[in-house]
Amino acid sequence: MTAVHRPRATSLAALARRRLLRNRPALAALVTLIVVALACLAGPFLTGHAPGRIYPDLVRMKPGLAAHPQPDAVRPAIDRLAFRMRLAVEDFAVKDGTVRLTLTSPKPINERSLSYLPRSDLFGPPKILERSGDGRRLVVETRIQRFYFLLGTDVVGRDLFTRCLVAGRISLLIGLTATLVALIVGVSYGAVSGLIGGAVDALMMRLVDILYALPFVFFVIVLLVFFRAGLWLVLVAIAAVEWLDMARIVRTQTLSLKGRDFVRAAQALGLTTPAILVRHIVPNTIGPIVVAATLLVPRVILLESFLSFLGLGVQEPATSWGVLIAEGSRALESAPWMLGAPAGFLVVSLVALNVLGDGLADALDPRLSEPG
Amino acid sequence: MIGYALRRLLQAIPTLFVVVTLSFFLMRLAPGGPFDLERPLPPAAMENLKRLYGLDQPLIVQYGRYLLSLAQGDLGPSFSFRDLTVNDLFARGLPVSATLGALALIVALALGLALGTLAAFRRGRLADRLVGLGASLGLAVPTFVTAPLLQIGFGLSLGWLPVGGWEGGSPRNLVLPVLTLALPQVAAVARLTRSALNEVLVQPHIRTLRAMGLPPHRVALQALRGALLPVISTLGPVAAALLTGSVVVETIFGLPGIGRYFVDGALNRDYTLVMGTVVLVAVMVVTFNLIADLLAAIVDPRLRLGA
């Protein structure tokens, strides 16, 4: 007995999905993107540092797994604090993550000055173990804090990892939103232009040609300089630049679809132009649109980081990878990790998006036959 | 072909006109003026300054005057660089930016074409994958990351090259900026060449050449001719952008080019300087698109009929 082999009908989407899942680099890129996105969304709550929290005593800490303050930093910190409290350190001992201090002064000690200890971020609340009769000698015990800065801290003492993750939210948000706007404008413009054709098409495309010739990045810069940069303006400005490609791609697709029999049939059946657009044209241009959109996201993110690098994009206290890279390149010699960390996040995300875009292009290309 | 070129240049005039008009009025609509200082000038001095630069006239008169002098090739006096005209500034800075840009373009083409061809002929093998990975990285790493990395690596750690400065264009000072400018373009050209070659290499005429026993490098030359077209057509805007300078590269390496003038000019409300930069870039884009189209017609005879 032989099993009847019946070829199953597969939709384009199913074929594309199967091809994409077989493309290992594209799959890896997809996983990377999901991890980065989740980390940016949830990560800042898990790192143990609020994004804007400043540790003035833990500036420019190197990246690593060690707990801060590090053992050799405790004594100098205590000396510094004692100087501020106007007390002398007579005895100093570290044991099991706590410090035991003997503090002396020529005058009676005001115990409220001990609040310098917890205020420094490095130590917990002090506990007074012994007081001398004349009040000029105190034995104090306090816990040494344990902070972890995986990617180090920046020049004012903020956790760089948390900052990178929070910045990633803005960068990714701008990338996705601006792409979406460009997508909507570009697809409708291109589809209408291509479907109506004739003089309208010529006029609409002439407009696109003129817009192409404008030095548009320059216009974005003028806009941002003159009208106070802000997140939303950056978004709108970038989207206004980037819809042109999309319009061209969709128009070309529409032109080639227009002559096909199923569109003619729809026209002969009396369907209205909007109905044909929505039902027949746009769905058939989905492949190239998806690819173009995936490749547009990294371009938008790159453009935003360029603007932010110039100081024209996202403004403090909000931050993006571009802002962090700009800060990092100013502190390059003293704290190179401040450039490395955000640049790493940016580059990994951009490469992943580009690889995914290429993978989608291959997966959706109908010319590639399905083997097996 | 000369007639075609002239026609194209004439067609560009309306485009340039739109560019000039848009940027002129966009800038004047914006709040702030070129003489706004921390401490406001006395009204009389302000009046005099405005009269000196013709800013006391109605906007439409200013616009007319600007167009008139622009038609004569005069870009007007700079507001922020006193005693200098925009033409002076460009005469000083453009050679710097253009030198860097031209060198970067040459590096990008030479390396990009070589790597792209290598990848296409070794399709699916290690070399192809390495080129693909390198190209993805090259496209993703922004110049404002590459530049500091190169400075640290070759400038500070190894001490081979200066970290910045122009020094009259000495070759040692050129290496790092040119490399920074060229890297993303190398990646772009390599990718384009690779994918275009992949399409050409399966076509019948190439198969015939191979079947006739032509050595691989001759086949490559033949195939490359067909694959050059997409590369050339993207080269127009790229060349214009490279030759008019890069804000990032010129700022980071401290080079006296014109890339910085646009942002500086916009920040200082230096109307004429910003306008001049916009006009310059638009002219460059139009010119290099034309050159790219003419080159494309030389490479692909079919395109000449359409002209």
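The model is predicted: local features need pLDDT of at least 70, side-chain atom pairs count only at pLDDT 80 or more, and totals for chains, interfaces and linings use all residues. Residues are numbered from 1 along each chain as its sequence is written, while chains are lettered from A and ligands numbered from 1 in the order in which they are written.

### Domain layout

Chain A is divided into domain 1 (12-47 + 153-364) and domain 2 (67-148).

| Pair of domains | Distance between C-alpha centres |
|---|---|
| Domain 1 of chain A and domain 2 of chain A | 54 Å |

In chain B, the contact between the two domains takes nine residues from domain 1 and six residues from domain 2. Two residues are in contact if their C-beta atoms, placed from the backbone, lie within 7 Å. On the side of domain 1 of chain B that touches domain 2 of chain B, five residues are nonpolar, three polar and one charged. In this classification Ala, Val, Leu, Ile, Met, Phe, Trp, Tyr, Cys and Pro count as nonpolar, Asp, Glu, Lys and Arg as charged, and the others, Gly among them, as polar.

### Chain B

Chain B has 13 helices and zero strands, where helices (H or I, at least four residues) and strands (E, at least two) are DSSP runs numbered from the N terminus. Along the principal axes, the C-alpha atoms of chain B fill a box of roughly 85 × 55 × 30 Å. Of the 307 residues of chain B, 36% count as buried. A residue is buried if 20 or more other C-beta atoms lie within 10 Å of its own, exposed if 12 or fewer, and partly exposed in between, with C-beta atoms placed from the backbone. Among contacts in chain B between residues at least 6 apart in sequence, 73% join residues at least 24 apart.

An unreviewed UniProt entry carries the annotation "domain: ABC transmembrane type-1" for residues 94-296 of chain B. UniProt positions are given in the numbering used here, feature names are shortened, and annotations may be inferred rather than shown by experiment. Over residues 94-296, chain B is 82% helix and 0% strand, and the end C-alpha atoms are 27 Å apart.

Leu176(B) belongs to helix 7 (residues 171-201) of chain B. Leu176(B) is buried because 24 other C-beta atoms lie within 10 Å. Neighbours within four places in sequence aside, Leu176(B) is in contact with Leu150(B), Gln151(B), Phe154(B), Leu161(B) and Phe253(B). By contrast, helix 8 (residues 204-211) of chain B lies largely in the open, because zero of its eight residues are buried. Helix 8 of chain B is followed by Gly213(B), whose phi is positive, near 85°.

### Nonpolar cores

The largest nonpolar core has 156 residues, and Cys164(A), Ile221(A), Leu224(A), Ile238(A), Ile325(A) and Val274(B) have the most contacts inside it. A nonpolar core is a set of buried Ala, Val, Leu, Ile, Met, Phe, Trp, Tyr and Cys residues joined through C-beta atoms within 7 Å. A second, separate core of 15 residues includes Leu87(A), Val99(A), Leu101(A) and Leu138(A).

Leaving aside neighbours within four places in sequence, Cys164(A) is in contact with Leu151(A), Leu324(A), Ala341(A), Pro342(A) and Phe345(A).

### Contact between the chains

The contact takes 27 residues from chain A and 29 residues from chain B. Helix 13 of chain A gives the most to the side of chain A that touches chain B, with seven residues. By class, this side of chain A has 24 nonpolar, three polar and no charged residues.

Ala343(A) is found in helix 13 of chain A and counts as buried because it has 24 C-beta neighbours inside 10 Å. Residues up to four places away in sequence not being counted, Ala343(A) touches Ile325(A) and Val145(B).

### Confidence

Chain B averages a pLDDT of 83, and 96% of the residues score at least 70; pLDDT is the predictor's confidence in each residue, from 0 to 100. Among the elements of chain B, helix 4 (residues 86-121) has the highest mean pLDDT (89) and helix 13 (residues 302-306) the lowest (60). For the complex, the predictor gives an ipTM of 0.77 and a pTM of 0.80.

Technical notes. Domain bounds come from an automatic or database domain assignment.
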